[in-house]
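Student: I would like to go through this structure by question and answer. Could we settle the terms before the details?
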Amino acid sequence: MSSHRPHLRTPSGKPRLRSFEIALDGTPGRFNAITDVPGVAVGYTTLIAGDGPLQVGKGPVRTGVTAILPRPPGELATPVFAGVFSQNGNGELTGTHIIEETGAFNLPITITNTHSCGVTRDGTLHWMSRVLPAALDSAWGLPVSAETYDGFLNDINGHHVGFDHVASALDGATGGAIEEGSVGGGTGMISFGFKAGSGTASRIVEWQDRSYTLGVFVQANFGKRRNFTLRGRRIGPEFTEPAIREATARAEKGSIIVIVATDAPFLPHQMKRLARRVPLGIAMTGGYGYHSSGDIFLAFSTANPEAALAASGRLARADFIPDVDIDPFFDAVVQGVEEAILNALTANEDMTGRDGNFVPALPTGWLKNKSG
């Protein structure tokens, strides 16, 4: 781990929200990241190349792949109990049917741009056949792949994401502190008219003298500037500048994908309940689930691996925290989602993409003046 404080800055030194001394709720984990959940790892492939007019197939390129491993590579055939929730379904997250049916999934998660969602799904299967081929003999080959739209900055119809980029993100997945902002699948994403993308946060939840971790990862590409809200104050109207510059018209295709992970023992119906609280955290930042937005959420628990496998011929037994005690975990979801979105905005820089389209970063100087 580098010498920086991971709550304040990303590994490359980008500022996270907490570096501005803005009061937040809850207790973060060691890295304030989804990787605080033991066994969970995140990897990125970031593709940035070219400038100037769009030439489909050549660029400019502003995209990538994010990989999230719910278990260590050798254990990816073991399912995790899970639940999904769609606040507004104008988007895609593959594998949802079997999650709804069985309350579980296995294999890694990938997040990318809208037109590469199938590539990262299939690329995950190619990768699994190399690193853990036996898993595809015993497990269903139905990986989770999600997307948001980056066509304002990226040559999205050029299909620049390939299987090798998926493999690189999966091979490079690590625990500990992770990058945020314009990295991985979040490279070309925009929120509230500011440069956004990948963000993460975590919370520690105490229950019956035990400490559990709940981590959140977002790919943020949603929201109108006028609604942008920081800790309960609507500040969007204060920012007519810096403004997006549209050399080509910007389509209304905003979305947010949220992955919630925890080591707390919960059953599938409880994971769905956690996923249903994600929109409350989004609303804290000013996201209202508009028509064109794909707001789709997945929550999973790494606990109860033997029960999730449910071998034939004997009773499967699972621990779970009672529903009557779930409220502190709802708090953790809302708090983590809010902070992860704001981290995606603060750990960022201006970006110019195809045709000279320009998206400004959130003015962090403003945050310094409003801290405390």
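Tutor: Two strands pair if DSSP finds at least two bridges between them. Strands (E, at least two residues) and helices (H or I, at least four residues) are DSSP runs, numbered from the N terminus. This is a predicted model, in which local features need pLDDT of at least 70 and side-chain atom pairs count only at pLDDT 80 or more, while totals for chains, interfaces and linings use all residues. Residues are numbered from 1 along each chain as its sequence is written, and side-chain values use heavy atoms, with hydrogens and water left out.

Student: How many bridges join S1 to S2?
Tutor: Strands of a sheet pair through backbone hydrogen bonds, either parallel or antiparallel. S1 (residues 41-49) and S2 run antiparallel, and Gly-43 stands opposite Ala-67 in S2. The number of bridges joining S1 to S2 is nine.

Student: Which residue of S5 is the bridge partner of Thr-66?
Tutor: S2 also pairs with S5 (residues 109-113), in the antiparallel sense and over three bridges. Ile-68 has Ile-109 as its bridge partner in S5. For Thr-66, the partner in S5 is Ile-111.

Student: Which strands are the edge strands of this sheet?
Tutor: The sheet is open and has four strands in the order S1-S2-S5-S6, with mixed pairing. An edge strand here pairs on one side only, which applies to S1 and S6 (144-148). The edge strands are therefore S1 and S6.

Student: Is S2 largely enclosed or open to the outside, and why?
Tutor: In a regular strand the side chains alternate between the two faces of the sheet. On one side of S2, Val-61, Thr-63, Val-65, Ala-67 and Leu-69 are buried, and on the other Arg-62, Gly-64, Thr-66 and Ile-68 are buried too. Buried means under 20% relative accessible area, exposed over 50%, and partly exposed in between (1.4 Å probe, protein chains only). Because nine of the nine residues of S2 (residues 61-69) are buried, S2 is largely enclosed by the rest of the structure.

Student: Which loop holds Pro-60?
Tutor: The peptide bond from Gly-59 to Pro-60 is cis, with omega near 0°. Pro-60 is found in the loop between S1 and S2.

Student: Where is the other proline, Pro-242?
Tutor: Glu-241 and Pro-242 are joined by a cis peptide bond, with omega about -5°. Pro-242 is placed in the loop between S12 (233-234) and S13 (255-262).

Student: Is Glu-21 buried or exposed?
Tutor: Glu-21 is in the segment before S1. Its phi is positive, near 55°, in a residue other than glycine. Because its relative accessibility is 60%, Glu-21 counts as exposed.

Student: What is the relative accessible area of Ala-310?
Tutor: Ala-310 is in the loop between H7 and H8 (327-346). Phi of Ala-310 is positive, about 50°, although the residue is not a glycine. Ala-310 is partly exposed, and its relative accessible area is 43%.

Student: Which helix gives the most to the lining of the second largest pocket?
Tutor: The lining of the second largest pocket has 16 residues, with Pro-79, Ala-104, Asn-106, Trp-140 and Ala-308 nearest its centre. H1 (96-102), S4 (104-105) and H7 (305-309) each supply at least two residues of this lining. With three residues, the element that gives the most is H7.

Methods:
1 Å grid on protein atoms, 1.4 Å probe; cavity = no way out; pocket = protein on both sides within 12 Å on 5 of 7 lines; lining within 4 Å.
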